[in-house]
Amino acid sequence: MTEKIIEIKGLHYSYPDGVAALRAIDLDVFEGESIGVIGPNGAGKSTLLLHLNGILRGEGDVRVFGLEMRDENLKKIRSKIGLVFQDPESQLFMPTVFDDVAFGPINMEMPQAKVGEQVAKALREVDMTGSEKRAAHHMSFGEKKRVSIATVLSMEPRVLVFDEPTGNLDPKHRRSLINLLKRLKPTKVIATHDLDMVAEACSRVILLDKGEIAASGNTADILKDKRLLEAHSLELPPSFIK
Ligand SMILES: Nc1ncnc2c1ncn2[C@@H]1O[C@H](COP(=O)(O)OP(=O)(O)OP(=O)(O)O)[C@@H](O)[C@H]1O
Ligand SMILES: [Mg+2]
């Protein structure tokens, strides 16, 4: 049987100002799966993702590789789960692109030569080779997004968690990112409004609305359900319109 690598039971989360962003979330993620998390603005997609590596801690049970989400497990959990934020500005904080992409590998105590290799490979995968010495804060949004994806790829985590990975990418780089997602072996959890990307890259879909799981199932079954999508402020993805 495939290993259950993320186990969420009865997760509730309210932001400090009282906004209830997640209610009674139950979710199991199995090794090698690629899960699309969809839903309207404010549904709770980003909030859910931020629970997967303990950036946010709600009420309920979140386990990753059998480890409870507790302070003493965070370092281990974060070396296994690589999370790319929706906003790349939250991801990039070092003086150069190289330092940002090398940060994870260095933190994981990879040997120096290996760090250089991992950075080069990750930047190649997002077509940002040559940007090593640049300052991320001088880049365009889409370029920042691609570098922020590289900061996680360089660690080769067991689980890749992406928040809106194709947001603001031009068609060429959106296409190569989708191809990369399809090629990458690790388990993936991807929050997005890009339902055509979900159709190509995800095997299962969770539809969130108002902090709750409104539907979940096989990708094609959810994405062809016009009534369900429209009831949650979504629409049929272009590739599903005949
Ligand atoms: N830092 C915060 N403080 C207070 N409320 C927040 C905060 N971040 C998000 N929220 C609220 O929590 C709810 C869920 O937000 P979240 O960002 O998880 O939605 P989302 O599904 O990712 O939306 P989008 O599609 O716009 O990215 C929303 O009502 C939002 O206004
Ligand atoms: Mg979001």
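How many nonpolar, polar and charged residues does the shell around ligand 1 have? The shell has four nonpolar, seven polar and two charged residues. Ala, Val, Leu, Ile, Met, Phe, Trp, Tyr, Cys and Pro count as nonpolar, Asp, Glu, Lys and Arg as charged, and the others, Gly among them, as polar. The model is predicted: local features need pLDDT of at least 70, side-chain atom pairs count only at pLDDT 80 or more, and totals for chains, interfaces and linings use all residues. Residues are numbered from 1 along each chain as its sequence is written, while chains are lettered from A and ligands numbered from 1 in the order in which they are written.

Around ligand 1 stand 13 residues (C-beta atom, placed from the backbone, within 6 Å). Tyr15, Asn41, Lys45, Ser46 and Thr47 come nearest. Helix 1 (residues 45-50) contributes the most to this shell, with three residues. Helices (H or I, at least four residues) and strands (E, at least two) are DSSP runs, numbered from the N terminus.

An open sheet is built from four strands in the order 2-1-4-5, with antiparallel pairing (at least two DSSP bridges between two strands). Strand 2 (20-30) and strand 5 (67-68) lie at the edges, each with a single partner strand, so one side of each lacks a neighbour in the sheet. Strand 4 (residues 59-64) and strand 5 run antiparallel and are joined by two bridges. Arg63 has Glu68 of strand 5 as its bridge partner.
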